[in-house]
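Work through the exercises below with the model open. Try each task before reading its solution.

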Amino acid sequence: MQISLNWLKRYVDLKETPQNIASALTALGFEVEGMTFRGTEIQGVVVGEVRECGKHPEADRLSVCRVFDGNEEVPVVCGAPNVAAGQKVLFARVGAELPGGLKIKKAKLRGVESFGMICAEDELGLGESHDGILVLDPSAPVGISMQDIPGLCDVLYEINVTPNRPDALGHLGVARELAARFETPLRYPDEALREDGSDIQGLVSLAVEDEQGCTRYVGRVVEGVTVGPSPDWLVQSLKSLGKKSINSVVDLTNFVLLEWSQPSHAFDLDLLAGKKIVVRRARSAETLKTLDGVERKLDERDLVIADGEKPQVLAGVMGGESSGVSEKTKNIFVEVACFDPRTVRTQSRRHGLQSDSSYRFERGVDPLATARVCDHLAALIAKVCGGKVAEGRVESISKAHPKKPRVVSLRPARVGKLLGVSPSTSEIEKLLAGIEIKSSGKDASTGSARDVDALRFEIPGFRNDLEREVDLIEEVARLMDYNKIPATLPSFPLTAVALPPGEKLASKIRHSLCDLGLSETISLRFTSRKALEKLILAENDARKNFVPIQNPLSEEWEVLPTTLMPALLQALERNQNTQEPNVRLFETGRAFFRSERSGERDSGVREEPVLGIALMGEWTDCSWDGPHHPVDFLRLKGLIENLLDGLRADLRWEYGSKAGFLHPVESAELYAMDSKEPIAVLGTLHPKVQVEYGLKNPVVVAEFHLDALLKSPKKPLLFEAYESHTGTVRDVNIVVAEKVRHADVLAAVPKEVLHLREVRLNSVYRGKGLPENHKALHYSFIYRHAERTLTDDEVNAIQEKVKVELLKNPNISIK
Amino acid sequence: MNSANDLEELKTRLLADLNLAVSGASESPRLEDLKTKYLGKKGEIYGLMRGMGALPADQRPAFGQKVNELRDLAEERFAALEAKAEEQAINAKLAQSTLDPTLPGIRAPMGHLHPLSQVREDTINFFRGLGFELAEAQEVDHEWYNFEALNIPPDHPSRDMHDTFYVDEGIVLRTHTSNTQVHYLLDHKEPPIRILAPGFVYRVDNDATHSPMFQQVECLVVDENISFSHLKGTLFLWAKHVFGPDVNMRFRPSYFPFTEPSAEMDISCIFCGGKGCRVCKQSGWIEVGGCGSVDPAVFEKVGWDPERYTGFAFGFGIDRIAMLKYGIPNIAHLTRGDTRFLRQF
Ligand SMILES: [Zn+2]
């Protein structure tokens, strides 16, 4: 909301600097988000008189003037087409500095000396117009500085008005707050009303058919007006807030809106069929062409102001073209009403039409000031446009509409309890009185002990947001200034606070993976159907069970993710495009799955914490010293083994994953010992997915369901004696065909070999000395006795038996 | 033989040989050969000892002592010379290294914790230290928990402050972590309550300072006799923890339907110290979060007695704190997964 300092000064005397006023507004809860100085900061610009004005001898477009600035007459070259002798103008003397940094100096223009500048509006920051110089009223005293010209210079505040304070959407409301803060009186602007026209009853009739939608309606008639351009003060007032002047009547309704925060509407009375005003719901198939030129289809939900035939106004939102006030209008009907906030809000949304009116009605207007504002507006119209105000009003008031100020009780002790600071009763009364909340003494309505000290306060209509005791306590705190409330600490019994297990697990994973060389990323939790399709998921994959967003920001962000894969792969691609081919990312995020709604307030969405890992390019890129290994399944597997060891997770590996986005062979799934659903899938990215996501370098990925991981069994962490005996090692070179896997060899090792503690793979050899399509697996068999050192003979004997057993497997030969 | 003269002669010769050995001359004897010659089992010093039997018995002790002295001297001299030689050999070897120590270190892979996680963990640790428990609620929730229970009725202008994503009729992506308050107060009826609820929230919004998804932290304290003053004290403690002991704070009135009194907390601009700069839009203040005393209407909705219990709540954006703390100009950096960004933290 824009607030003009000049405008505020109509209602309150403000001697403080513009900055102090801004601080006061912010401290009162109207955060000043910006300040615009319109000419107030400029030095050296005064009212000048153009005494002579002639053509420049060398340039057609320039004039040479003689300007008197109150002290002396100087020659000035001016480029404006509208400059003329006799004008009063804004004259920037030599030495003045204009907004934007222009310094006025003595200059020679095409050979003619110039001592100053005659200014246009935009050059002084007074407006946008650069049509020519600003010509002042002839009565302006020559030589006074521009700041002394009434209404010319201004300071504009952009304030943030919270939805509970519709009263501050008008200058009067803001002025009231400042009057309270600076302890100075507020002047109400009510224009004196003279009802010297005919009786309104013979001129117009009112029928409010929908009292729920329109709780209060007041109308007046002004007869015999002359509608034309607005007077300067009105044009200037609206212009300072960026409102265009339309005609004197429309301008006055806008003026009153920005003054009282009360919308109103003016009709051309002679264009109202049957001289009738009917407030009703629209009938189906009725239409209304609103002032923005749009033909709107109405239905039974729309509250309208109709005449005897058809809707003329979409109530509280916007008027229609057909009954609007124009220069031809002679008789005016003005409406000031209270419409139901919800009704206005819903029909404003439905028609996609927000207006200054709807914005205020949605938030609520003063229910007790309707007639007062109507009288004020009618009087202003009569004053500005001539004409006579008809005698009386047409009006309607619903049963539910408040007729007198609300009374709210306040227990002074409760103020102390809630705020932690206890102003006295008289301080409370004084603070609230500043914004016209009057104490009406002790609350005698109830005799209960609780209320024995309660004070009663009458809440003026413009503060309809104040309904409860706590609302008044907030007002007390606000008017005291929040910064005067001391900061203290509450005291509590000691307590031990543990992290929830899920948080602890996620945190441990994040730190482990960082230690293992991966960087954490956080993705937006949105994805697209297309991105999910690119994962070539199997028909029954739960990841297809996504939740779409009804009002997505874009097609890329249309559904909630069921997997982190799209986000991670897209991040890889972005990195690839910025010449970062080697990337190791992980994310602990969330996946969302559609589920059955189990109750009225159930979301129907299952949320699961997930961990995603995506590695691309070379693993050892952090070193300049080769060789550099591309990421592959085994490196990923090793990483996951490291992670799981750190977590002491005891999981079962199954090789080859059914997840569509993984390579069918270079992949694995992890299970808790007894589970059917995998806790994790990992592997080389499927080549098709790689292409779909535009990834050029090798990519391996993994995804974990963290709730399942949390519930999975953990290896116990218990001390094991280690120092007593070193093991005895026997190496074996086992030659197998390519298709025989390490796991097959391990499976061929007999179970329960005496003292055998570990079979460790040292290397895999392919090439010279081996049959084609064969490999040699070099293993160390490590033997250890729990209590003593084994002798060579003992170990040799056991190892021989193992070899014999191994060789029983037809796939295995020993080199 | 075996006279005192022999002994003297041997001593003289030994010392001369040792001098020759360390002189570095080409035909000089090797130290280990000399050692064998003089100190070996068949060496000359032992020879003297063995020959001692030929002496008259009364001369033997004196002579034996002298031979022992000579042996001690020889051993000492050899040990010193050997140590010196060893050191020279090591030094020669060290000097041979051709390694270029100015080459970059060969690093182990290093990962980086996301700045949001760093701020989040720091926040959690700080409030845990004050006895706050971590609470969580779902991100997709029924609007009753996100709005109605927090005193935000349907079709109310205060909903304009929450541009909401819907996934179904009445089902929203939570617009703030405050739904956690509602769930927690419904599930726990034992005061005192001190909870901290970090989490992701969603708004239909996307520009340099707004992301459609961002992280908030919500704190809620409920007990008998919790006041607005306690809110200020707690928040000031936190702000000093995050922004340093010199930071100034101010509270200004605001409006949230679920708190009353409601406030915004500003801190003195950490970039200009309050003098006014581009970041603080010349105001000298930076907004960090909204807060207030729990509105009695919220207590009523969740079945707590608002006469007996009071409380306060506050929430701030983790993204915003991270952006302020690290000077990140655009919120989109946080969710791009760009390694050039991530590895800075
Ligand atoms: Zn600053």
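Two residues are in contact when they have heavy atoms within 4.5 Å of each other. The model used here is predicted.

**Exercise 1. Contacts along chain B**

Task: Take the contacts in chain B between residues at least 6 apart in sequence, and find what share joins residues at least 24 apart.

Solution: Start with the contacts in chain B between residues at least 6 apart in sequence. Now keep those that join residues at least 24 apart. They make up 65%.

**Exercise 2. The form of chain B**

Task: Decide whether chain B is a compact globule or more spread out.

Solution: Begin with the secondary structure. Chain B holds 11 helices and 10 strands. Next, take the radius of gyration, which is 42 Å for chain B. For 345 residues the globule rule gives 20 Å. The value for chain B is well over that, so the chain is more spread out than a compact globule. Then turn to the principal axes: the C-alpha trace of chain B spans about 125 × 45 × 45 Å along them. Finally, look at burial and surface. Of the 345 residues in chain B, 54% count as buried. The chain exposes about 15700 Å², and 51% of this comes from carbon and sulfur atoms.

**Exercise 3. The zinc site**

Task: Name the residues that coordinate the zinc ion, and work out the geometry of its site.

Solution: First, list the donors. The zinc ion is coordinated by the SG atoms of B:Cys269, B:Cys272, B:Cys277 and B:Cys280. Their distances are 2.2 to 2.3 Å. Second, read the spacing of the donors along the chain: C-x2-C-x4-C-x2-C. Third, check the angles. Among the four donor atoms they run from 101 to 113°. Four donors count as tetrahedral if all angles lie between 85 and 135 degrees. The site of the zinc ion is therefore tetrahedral. For comparison, the ideal angle for four tetrahedral donors is 109.5 degrees.

Buried means under 20% relative accessible area. B:Cys272 has 13% relative accessibility, so it counts as buried. B:Cys280 has 4%, so it counts as buried too.

**Exercise 4. Nonpolar cores**

Task: Find how many residues the largest nonpolar core has, and which helix gives the largest share.

Solution: The largest nonpolar core has 172 residues. Among those with the most contacts inside it are A:Tyr157, A:Phe661, B:Trp238 and B:Met265. Helix α8 of chain A, residues 370-385, supplies the largest share of this core, with nine residues. A second, separate core has 35 residues, including A:Tyr217 and A:Val317.

Now look around B:Trp238. Beyond its neighbours within four places in sequence, its contacts include B:Phe126, B:Phe127, B:Met265 and B:Phe316.

Methods:
Residues are numbered from 1 along each chain as its sequence is written. Chains are lettered from A and ligands numbered from 1 in the order in which they are written. This is a predicted model: local features need pLDDT of at least 70, side-chain atom pairs count only at pLDDT 80 or more; totals for chains, interfaces and linings use all residues. Side-chain values use heavy atoms; hydrogens and water are left out. Donors are N, O and S atoms within 2.8 Å of the metal (3.2 Å for Na, K and Ca); water is not among the atoms, so sites may look incomplete. Four donors count as tetrahedral if all angles lie between 85 and 135 degrees; four count as square planar and six as octahedral if opposite donors are over 155 degrees apart and all others between 65 and 115; anything else is irregular. Buried means under 20% relative accessible area, exposed over 50%, partly exposed in between (1.4 Å probe, protein chains only). Helices (H or I, at least four residues) and strands (E, at least two) are DSSP runs, numbered from the N terminus. The radius of gyration is taken over C-alpha atoms; the globule rule is 2.2 Å times the number of residues to the power 0.38. Accessible areas come from the Shrake-Rupley method with a 1.4 Å probe; for residues, only the protein chains shown count as cover. A nonpolar core is a set of buried Ala, Val, Leu, Ile, Met, Phe, Trp, Tyr and Cys residues joined through side-chain atoms within 4.5 Å.
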